[in-house]
Structures are given as C-alpha cells and as structure tokens.
Amino acid sequence: MTRTIPEPVASFLEAVTTQDRSAFTASFTTNPVVDDWGTVFTGFDEIHAWSDVQFIGSAPTFSVTEVETDGDSVIVVGDWRSSHANGPSSFRFDLEGPKIARMTIREG
C-alpha cells in the first residue's frame, strides 16, 4: 500500500477538490458509472446532476490515508468532508486505459 495516487485518479481527485467540472468530466470514459453507496448513476447527465449537489458542488476536501492498486482498479481511502456528507470513505476506480469507467463510493 502506498499514498501515491496513480493517474488518472490523482487528476480526478484534484478536479473534485478544486471544483473543476470540466476536468472532472474529462477524467471519465464516454459512458461512465458512479455508484454512491448503492445508488447508481449512469452517463454524464445523471452523474452531473448528482455531483453538482452531493460531490463537486458540496465544496469537498479529501485527506487520503491509503491507496491500493489492483490491476485496472485503484482504491483510495480517506476522510471526506463536504457540505453534504462527512466521514471515512473508500473510492474504488475501475479504469479503462487512461480514463475512469466506474467509481464506487463506500464507507472507508
């Protein structure tokens, strides 16, 4: 386990914490999926509607405590703070080449 976050996840997390919607969107494949504690959002329309309120739009900060890579997946665990939700969180990123195909959020 390491705390060095590989690309494209490092740039994605930077886009989230700086509230850069364009860079956030560019990090994903053309048909992305986000699973936020069992609620699944598919495609950019659904993901943007969710993110504008609960993710990027919630002025987040994220303090990384651990990073693990497993083939084409990257798991980042840390302390998530925002105006929407707070607490230890685990983010699993399933990659397709240089893009994120799926992000799954669970308790860290």
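Is R106 buried, partly exposed or exposed? R106 is partly exposed, with a relative accessible area of 33%. Here buried means under 20% relative accessible area, exposed means over 50%, and partly exposed lies in between (1.4 Å probe, protein chains only).

1. **Basis.** This is a predicted model: local features need pLDDT of at least 70, side-chain atom pairs count only at pLDDT 80 or more, and totals for chains, interfaces and linings use all residues. Residues are numbered from 1 along each chain as its sequence is written, and side-chain values use heavy atoms, with hydrogens and water left out.

2. **Overall make-up.** The protein has three helices and six strands. Along the sequence they follow the pattern α-α-β-β-α-β-β-β-β. The radius of gyration is 12 Å, close to the 13 Å from the globule rule for 108 residues, so the protein is as compact as a globular protein of that length. That radius is taken over C-alpha atoms, and the globule rule is 2.2 Å times the number of residues to the power 0.38. Helices (H or I, at least four residues) and strands (E, at least two) are DSSP runs, numbered from the N terminus.

3. **Extent and burial.** Along the principal axes, the C-alpha atoms fill a box of roughly 35 × 30 × 25 Å. Of the 108 residues, 44% are buried. Among contacts (heavy atoms within 4.5 Å) with a separation of 6 or more, 44% come from residues 24 or more positions apart.

4. **The sheet.** Six strands form an open sheet with mixed pairing, in the order β2-β1-β6-β5-β4-β3. Its edge strands are β2 (39-42) and β3 (61-70), each pairing on one side only. From one strand to the next, the twist averages 15 degrees. Two strands count as paired if DSSP finds at least two bridges between them.

5. **The antiparallel pairs.** Strands β3 and β4 run antiparallel and are joined by nine bridges. T69 has V74 in β4 as its bridge partner. The β3-β4 hairpin has two residues between the strands, and G71 there takes a positive phi near 65 degrees. On to the next pair. Nine bridges also join β4 (residues 73-81) to β5 (residues 86-96), again antiparallel. V77 stands opposite S90 in β5.

6. **Helix α3 on the sheet.** Helix α3 (residues 43-54) packs on the sheet and touches β1 (28-36), β2, β4 and β6 (99-107). Its direction makes about 50 degrees with that of β1. Axes are lines fitted to C-alpha atoms, for helices over the stretch in contact, and angles run from 0 to 180 degrees between N-to-C directions.

7. **The buried side of α3.** G43, I47, H48, W50 and S51 are buried in α3. An α-helix has 3.6 residues a turn, so residues three or four places apart point the same way. The cover over the buried residues of α3 includes α2 (21-26), β1, β2 and β6.

8. **F41.** This residue is found in strand β2. F41 is buried, with a relative accessible area of 16%. Leaving aside neighbours within four places in sequence, F41 is in contact with P32, V33, V34, D36, E46, I47 and W50. F41 and P98 are 57 residues apart in sequence and 21 Å apart in space, C-alpha to C-alpha.

9. **Salt bridges.** A salt bridge is a side-chain nitrogen of Lys or Arg within 4 Å of a carboxyl oxygen of Asp or Glu. The count comes to five. One of them joins R102 and D35, at 3.5 Å from N to O. R102 lies in strand β6 and D35 in strand β1, so this pair ties together parts 67 residues apart in sequence. R102 is partly exposed, at 28% relative accessible area, whereas D35 is buried, at 7%.

10. **The D35 network.** D35 also forms a salt bridge with R106, with closest N and O atoms 2.8 Å apart. D35 is in β1 and R106 in β6, so this pair ties together parts 71 residues apart in sequence. Salt bridges that share partners join D35, R102 and R106 into one network. Elsewhere, R92 forms a salt bridge with D94, the closest N and O atoms being 2.9 Å apart. R92 is partly exposed, with a relative accessible area of 31%.
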